[in-house]
Amino acid sequence: MICLDLDGTLLRSDKSIDINTANILNKLSYEGVEIVIATGRHYDFAKLLTRGLTDNRIIIANNGAAIYDAYLEKALFTEYIDIDIVSGIIETGKTKDMNALVYIDALREGSDLLVVEDHDISQFENTIVRDLNRVGYFCDPFQVASVLSVVFTDYTEKLEELEKRINELFPNQITTHIMSSKKSTHGILEVMKHGVCKWSAIERLARYKNIKLEEIIAFGDEVNDITMLKNSGLGIAMKNAQPEAISSADRISMYSNDNEGIFHELSKIFPNWEAL
């Protein structure tokens, strides 16, 4: 099994996949290797961004909250947050003057994201959501039960305060992490069901597919990739990876996501891939 983060890993800066990487992944898929996308993005957007890859790919979306079979267009496993907790998280965000972005199971609900009616997210089109037509609006979070994650965007310092408060209110009931960049003072706080991460989903998928954990190769670059880089049989951090991801990996690629990093690494592991 080969597990691939998207942004900063499989995708180049222009959100495309280079042809050499696509070719080797598709060839390995044809030979029976499971190709798994493990991303923080929601299913619909992840499927679109990887449309040049094998139809048989699996997509782990929302940082492990859901596992989808892209060929069958169905969810294999989902981890929903208890709706009472969702309501509490939303209300806690409001006390900090932050509106929540509520990601839901698109195959079950027909849309990817719910927001409160007065929350303008037009600036997020093609970033956190592919199409504003796939956004729903709600006044009451109890209208939907299939919540995969709750997300807030703001200054990192404010997000850290909110994260601390949410964990105080819901101990051992949720998992949180903040994604930020040294180039920006803003970040993203994501809240999921307790224990959910990319690795928890990969582990579950591996059991389902009868694949040994030591037979898994993982590629990543960010803090939400740490668990899969640490626990896979071989964890490879991209050259452009965050320091925390690099320190968690078994190997560091000499190449970045913009320079065919995945292709170069897989070519070493499968030197005769073209002849397979």
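The paragraphs that follow describe the sheet and then the salt bridges.

This is a predicted model, in which local features need pLDDT of at least 70, side-chain atom pairs count only at pLDDT 80 or more, and totals for chains, interfaces and linings use all residues. Residues are numbered from 1 along each chain as its sequence is written, and side-chain values use heavy atoms, with hydrogens and water left out.

Eight strands form an open sheet with mixed pairing, in the order β5-β4-β3-β2-β1-β12-β13-β14. Strands here are DSSP runs of E with at least two residues, and helices are runs of H or I with at least four, numbered from the N terminus; two strands pair if DSSP finds at least two bridges between them. Strands β5 (74-78) and β14 (251-252) stand at the edges with a single partner each, so one side of each has no neighbour in the sheet. Strands β1 (residues 2-4) and β2 (residues 35-38) pair in the parallel sense over three bridges.

The count of salt bridges (a side-chain nitrogen of Lys or Arg within 4 Å of a carboxyl oxygen of Asp or Glu) comes to 13. In one of them, Asp225 meets Lys198 at 2.6 Å, N to O. Asp225 lies in the loop between β12 and α7 (226-231) and Lys198 in helix α6, so the pair ties together parts 27 residues apart in sequence. Asp225 is buried, with a relative accessible area of 0%, and Lys198 is buried at 1%; buried means under 20% relative accessible area, exposed over 50% and partly exposed in between (1.4 Å probe, protein chains only). Asp5, Lys198 and Asp225 are linked in a network of salt bridges.
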